[in-house]
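Have a look at the model below with a viewer open beside you.

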Amino acid sequence: MADFLQQVVSGLASGAIFASLALALVLIYRSTDVVNFAQGEMATFATYIAWSLMDHGMSYWPAFMLTLVLAFLGGAAIERTLIRPVEHRPEIAIVIVTIGLLIALNGLTGWIWGAQVKAFDSPFPNETWEVGGVVISQQDVGVLVVCLVTVAALWAFFRFTTLGLVMRAVANNPTSSRLVGVRVGLMLAIGWGLASVLGAVAGMMAAPTLFLDPTMMLIVLIYAFAAAVLGGIDSPVGAVVGGLVLGVLINLLGAYVDFVGSELRLPTALFVLLVVLMIRPQGLFGHVAVRRV
Amino acid sequence: MIRRLPTLINFGAFVAIAIVIALLPRFMGEFRLSQFTFVALYFIALLGLNILTGYNGQISLGHGAFMGIGAYVSALLTLGRPGLELYQLDPPGWLPLGDGMTPVFTIPLAGLVTGLIGLIVGIPALRLAGVSLALATFALAVSLPTIAKRFDQVTGGGGGLSLLLPETPFGWDISTRHWLYYEAWVTAGIMFVFAWMMVRGRLGRAWRSIRDGEVAAASSGVNPALYKTLAFGVSSFYAGVAGALLAIEVAFVNPDTFPVGLSILLLASCVIGGLGALSGTLFGALVLEFLPVYSESPPLIDAEFSNQAPSVVFGALLIIIVFLLPGGFAGLVRKLGMWINRAIARATTRRTAPAPASDS
């Protein structure tokens, strides 16, 4: 039982990382109606920036905060320069632009920082707590707390501030929002900035355990996609729940099902996802899309 | 006569390209030749991807994985059970591996198996419209290497499977590389003609109508589920054939031969060549093979860039194409053609029109 709980806790920690990135995907999906394939590479790029800042002697938390600011500006800039020109083109055009961004950013990361793996400092002590026989790593708890605090802050922003309300209005109905005087373009840019911040948090939390290399976030991105689709691609709550569930699920499957082991975690998770989608195409918390034709 | 002109030009271009391809080996060494063999097999994979994405509007980020499946099928059938036992592998008894085959005959079989797997993947994919499909196929691309490593008693795990380079058949007096070059391009030619017939006919009309409006297509009596699954099957057949050719050419398959990057670059070069235009696919294949080489050490200027440069160039090119040339390379050619046409028309009307009277 203690072992089981331990697996659950470490599953929650990786799940929180998936949840952050999944939430980033959902944010962009709700505002721009497109899945951002470059989200993972944007996160990796931001994490490398944090690494550089620390490499130049900055201590962890100032570097963390500065990276978030830079990630916000970067995300907003990408929306303004790359996404806006194709905003009204078919979905496939926007998806392809984000794929182009994925390829280019991945190359750029390798070009600037080299392809070799880098160690990334963790702000949390490499120690454990023991609670009633369950050994809990402080690293896991730290990751979980940082991710959940970020998500909660974002929720509060959308729920309690005027800007958050306006952004929800834009996601809901851009045309009407524009008619009542909202600067829709600016709001979309802010949305991309916030998504980029979430990604940066996920990247910096994942880096100490995954180690930093240009493809670090690729697998995390796939899990985040899976989490977002599982929760319902248009549901922020779903993304967070989906991420946590997925994190725990793959950890338990990897630990207790011999056939799955450590290699088949990803395919198994995807298979579970496919089965869920066959039964509930809109995901667990998503809305059924009704289209007028 | 005039109305048939475009068809004639197309046919002429096809024959001209075929002649160039047939004569090309006279002018190059074995290494260059091998690069052009890769162009042929990328061309086949891109034809399939273009059918799925360009003509049917379904995005696949998993075609590298389908190529991988084709390559493994070809390698396994070439080796057969005795060959695998030489590697001290222990494939399960129910796998119909046979006793080893001539590599060239594994090509259609690899296509069929991959096509079948594509059909199976395509059925749940029906429920995943648009982006979810891209995600599902992307996930397939990411998981294939891990699956191949897990079932190492069949696939040889991370070490992969080595094959022998086949010998030139019929006592032809050409090297193996030449033979593989012709084998790849003849296959590519056949696959192109098939693709062209499908795309021009009833099937292609059904695919395009679904792409342009699924509800409208359904209400005109086209069964979207059937045709979308079919597009997936056909497209994976193409990828499987390409994968088999790749396995034969490099005489080696392992999980890292088909990384996620390949799947992504396949889609990218398909867009660069031109979605919904078979002719652009050849250009896409050339880009996929040669852009990485030339962006690392560009010709004419004396510079060596990082080995990451190709990705940056590829990504930037892709974005530029979407911004400026939504039709890709084929669209550019079409635009140029129309421009020349208009110029000719203008010139001929000016000549037949009465000359304006001049006073001075």
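## A helix pair in chain A

At roughly what angle do the axes of helix α5 and helix α8 of chain A cross? For α5 (residues 138-160) and α8 (residues 184-210) of chain A, the crossing is at roughly 175 degrees, and the axes come within 10 Å. Because angles over 145 degrees count as roughly antiparallel, α5(A) is roughly antiparallel to α8(A). Axes here are lines fitted to C-alpha atoms, for helices over the stretch in contact, with angles running from 0 to 180 degrees between N-to-C directions.

Before going on, some housekeeping: this is a predicted model, where local features need pLDDT of at least 70 and side-chain atom pairs count only at pLDDT 80 or more, while totals for chains, interfaces and linings use all residues. Residues are numbered from 1 along each chain as its sequence is written, and chains are lettered from A and ligands numbered from 1 in the order in which they are written.

On the α5(A) side, the residues that meet α8(A) include A:Val143, A:Val146 and A:Leu154; among their partners in α8(A) are A:Leu198, A:Val201 and A:Met205. In contact means that C-beta atoms, placed from the backbone, lie within 7 Å. By class, this contact has 9 nonpolar, 2 polar and no charged residues (Ala, Val, Leu, Ile, Met, Phe, Trp, Tyr, Cys and Pro count as nonpolar, Asp, Glu, Lys and Arg as charged, and the others, Gly among them, as polar).

Strands β1 (residues 128-131) and β2 (residues 134-137) of chain A run antiparallel and are joined by 4 bridges; strands pair if DSSP finds at least two bridges between them. A:Thr128 sits opposite A:Ser137 in β2(A). With 2 residues between the strands, the hairpin has A:Gly132 at a positive phi near 55 degrees.

## A:Val240

A:Val240 belongs to helix α10 (residues 236-256) of chain A. A:Val240 is buried, with 27 other C-beta atoms within 10 Å; the cut-off for buried is 20 or more. Beyond its neighbours within four places in sequence, A:Val240 touches A:Ala19, A:Leu23 and A:Val151. A:Val151 is 89 residues away along the chain, yet the two C-alpha atoms are separated by 8.3 Å.

## Where the chains meet

Chain B puts 39 residues into the contact and chain A 36 residues. On the chain B side, α5(B) gives the most, with 13 residues. That side of chain B has 27 nonpolar, 9 polar and 3 charged residues.

Terms used
Two residues are in contact if their C-beta atoms, placed from the backbone, lie within 7 Å. Angles under 35 degrees count as roughly parallel, over 145 as roughly antiparallel, 65 to 115 as roughly perpendicular and the rest as oblique. A residue is buried if 20 or more other C-beta atoms lie within 10 Å of its own, exposed if 12 or fewer, and partly exposed in between; C-beta atoms are placed from the backbone.
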